[in-house]
Amino acid sequence: MSFFSAASSSIANTSTQTAAVKDVEVSDPPPDSISSLSWSPQADFLAAGSWDGNVRIYEIGSAGQSQGKAMYAHEAPVLSVCWSKDGTKVLSGGADKAGRMFDLQSGQATQIAGHDAPIKSVKWIDAQGGILATGSWDKTLKYWDLRTPNPVITVTLPERCYTMDVAFPLLVAGCADKKINIYNLQEPNKLYRTMESSLKMQTRVISCFPAADGFAIGSVEGRVAITYVDEKNNGSQNFSFKCHRRDQPPQSKDHTHVFAVNDISFHQQQGTFSTAGADGTINFWDKDSRTRLKTFDPAPGPIACTAFNRSGTIFSYAVSYDWSKGYSGNTPGMPNKIMLHACKDEEVKKKPKK
């Protein structure tokens with residue numbers, strides 16, 4: 001286990017505070033692109049996976065102050081991180097084709113999963129004592145009991161897994177060619193339904209509703225689709241909307257500059273959600289009233305990933321390169337920051353339906 005320096009940052013330690021509290025930068029951020037953020041379900045500990053091949057764990061104080069507590073390594077870029085339900089373990093998957101577990105009590109990291117290609121997504125399932133789901137570019141979804149070395153179930157996906165999310169008993173895997181597989185985790189080896197994304201372009205992210213009755217799809221074309229699982233009863237509530245687009249000057253060949261939706265995070269208590277884009281902007285939305293609740297000021301780089309803490313009072317987001325423009329787009333001046341935003345009620349509470 002590695003420890004960071006004792007330096008910390010805080011909302012409260014600045015003498016030039018204004019009425020509008022500024023978002024706070026986390027101390028000792030990763031030196032390379034930040035791929036995934038995840039909060040402990042038991043305490044304000046934040047895990048961050050990075051392209052530098054490491055997972056960092058930060059302790060976040062009540063005033064927003066941050067301190068690095070631990071770090072462990074993969075052998076290649078880390079693509080996804082999550083926590084066990086009891087908050088004692090961090091799970092991660094990476095381009096080294098390995099799923100790893102870090103035990104906060106012992107400080108030890110061990111490999112607990114493997115695929116034939118990079119693991120794009122890891123999600124914890126709070127069932128049967130805890131199961132880890134891993135989705136890979138090898139076109140499989142595997143379920144792991146951490147007490148045994150082999151997967152308890154292996155499911156074949158229609159294409160490479162690009163994104164995955166869980167809100168028990170719902171698991172949704174978004175794959176290449178816009179394929180989406182839906183599973184009822186009470187029968188995890190049985191496909192509940194397969195569909196194609198209603199959006200025209202490649203799926204970038206899928207995030208399940210906290211109520212587990214649907215999910216949001218974000219695509220590379222700056223568009224989000226709200227999709228309910230029960231098409232028969234709730235299909236009329238499905239809709240899509242444009243976001244993360246920038247109007248160009250009238251003389252421009254392209255009238256609108258379109259950016260990828262890199263992440264979607266749901267507020268677990270309110271059911272509202274955020275979208276984060278390659279344009280460096282973040283929006284908060286209420287899907288039920290179909291309204292935008294908040295727009296953040298543009299950041300100096302793409303927003304690669306986001307996450308709300310367990311109480312929904314802190315919203316974390318990473319300002320770093322999202323690889324949307326390939327290797328050549330990763331310029332030397334590209335920032336790598338993890339920011340903390342203190343959520344106000346009016347930013348995350350649902351609006352009355354119109």
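Biologist: Why is Lys287 called buried in this predicted model?

Modeller: Lys287 has a relative accessible area of 11%, and buried means under 20%, so Lys287 is classed as buried.

Biologist: What makes the pair of Asp288 and Lys287 a salt bridge?

Modeller: The closest N and O atoms of Asp288 and Lys287 are 3.0 Å apart. A salt bridge requires such a nitrogen and carboxyl oxygen within 4 Å, so the pair qualifies.

Biologist: Why is Asp288 called partly exposed?

Modeller: Its relative accessible area is 25%.

Biologist: What makes Lys350 a salt-bridge partner of Asp288, and where in the chain do the two residues lie?

Modeller: The closest N and O atoms are 2.8 Å apart, and the limit is 4 Å, so Lys350 and Asp288 form a salt bridge. Lys350 lies in the segment after helix 2 (345–348), while Asp288 is in the loop between strand 26 (282–286) and strand 27 (291–295). The pair is 62 residues apart and links distant parts of the chain.

Biologist: What makes Arg223 and Glu221 a salt bridge, and is Glu221 buried or exposed?

Modeller: Their closest N and O atoms are 3.7 Å apart, and the cut-off is 4 Å, so the pair counts as a salt bridge. Glu221, at 11% relative accessible area, is under 20% and therefore buried.

Methods
Residues are numbered from 1 along each chain as its sequence is written. This is a predicted model: local features need pLDDT of at least 70, side-chain atom pairs count only at pLDDT 80 or more; totals for chains, interfaces and linings use all residues. Side-chain values use heavy atoms; hydrogens and water are left out. A salt bridge is a side-chain nitrogen of Lys or Arg within 4 Å of a carboxyl oxygen of Asp or Glu. Buried means under 20% relative accessible area, exposed over 50%, partly exposed in between (1.4 Å probe, protein chains only). Helices (H or I, at least four residues) and strands (E, at least two) are DSSP runs, numbered from the N terminus.
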